[in-house]
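Hi everyone, thanks for making time.

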Amino acid sequence: MLTKKIVSLIFAVLIGFLVGTYFKVYWEQSRFIIAEWEEPPLVVVCPDSSVTKYRVHRAIEWWGIRNYRVSGVHWDVNNKMCSKRTFARNTIFIRGEGEMPIDTYAVTYKMTIASKMVSAQIILPNENKHMPRLLEHEFGHAFGMRHVDKIGHMMHPIHEHGGELFWIPD
């Protein structure tokens with residue numbers, strides 16, 4: 001009798017999780033901005049990224065013109081913040097090494113809670129750190145945006161089809 005109740009409870013939790021996940025994915029796919037920061041995040045540049053100050057500030061400036069702001073940039077030269085954790089509240093990490101899907105120039109992992117950005121990490125392999133618009137594109141993901149399938153848009157999923165254009169799609 002007890003086993004039957006436990007199995008029923010596990011089944012109900014599993015069904016609830018699957019239904020919730022389905023609706024979350026459906027909702028996110030219907031929106032361009034899937035999560036937003038409650039306050040401007042701190043950008044932490046990890047020593048393994050080898051990205052230049054010019055490159056980081058240029059990407060931040062590109063988004064700043066469009067009213068997406070950061071609270072500051074911390075160059076973690078002693079690796080104190082970067083070595084401790086992958087994610088940290090209200091922080092965007094820029095790393096040079098990490099898990100990369102095959103045939104991908106860079107990737108941004110986001111941590112969100114109830115459509116609020118909590119943390120993000122941009123993995124920008126060193127061989128791609130100077131690619132035009134790549135860091136800007138990844139900052140777009142770190143600001144909570146998804147891809148846009150319009151030629152010339154900064155958030156186009158194929159780098160070669162992207163560009164400097166930016167608008168919030170309908």
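This is a predicted model: local features need pLDDT of at least 70, side-chain atom pairs count only at pLDDT 80 or more; totals for chains, interfaces and linings use all residues.

Residues are numbered from 1 along each chain as its sequence is written, and side-chain values use heavy atoms, with hydrogens and water left out.

Let's start with helix 2, residues 53-64. Helices here are DSSP runs of H or I with at least four residues, strands are E runs of at least two, and both are numbered from the N terminus. Helix 2 has 12 residues and reaches 16 Å from first C-alpha to last, close to the 16 Å expected at 1.5 Å a residue (that is, 1.5 Å times one less than the number of residues).

Which residues of helix 2 are buried? They are Arg55, Val56, Ala59, Ile60, Trp62, Trp63 and Gly64; buried means under 20% relative accessible area with a 1.4 Å probe, protein chains only. These pack against strand 1 (42-45), strand 2 (72-75), strand 3 (91-95) and helix 4 (134-142).

Now the largest nonpolar core, which has 32 residues. By nonpolar core I mean buried Ala, Val, Leu, Ile, Met, Phe, Trp, Tyr and Cys residues joined through side-chain atoms within 4.5 Å. Trp63, Ile94, Leu135, Phe139 and Met145 touch the most other members. Helix 2 gives the largest share of this core, 5 residues. A second, separate core of 5 residues includes Val44, Cys46, Cys82 and Phe93.

On to the charges. There is 1 salt bridge in the structure, meaning a side-chain nitrogen of Lys or Arg within 4 Å of a carboxyl oxygen of Asp or Glu. Arginine 55 pairs with glutamate 136, with the closest N and O atoms 2.7 Å apart. The partners sit in helix 2 and helix 4, 81 residues apart. Arginine 55 is buried at 5% relative accessible area, and glutamate 136 is buried at 2%.

Last, the disulfide, where the cut-off is two cysteine sulfur atoms within 2.5 Å. Cysteine 46 and cysteine 82 form it, their sulfurs 2.0 Å apart. Cysteine 46 lies in the loop between strand 1 and helix 2, and cysteine 82 in helix 3 (residues 80-84). Why is this disulfide called left-handed? Because the torsion about its S-S bond is about -90°. Both cysteine 46 and cysteine 82 are buried.

Key. Buried means under 20% relative accessible area, exposed over 50%, partly exposed in between (1.4 Å probe, protein chains only). Contact means heavy atoms within 4.5 Å.
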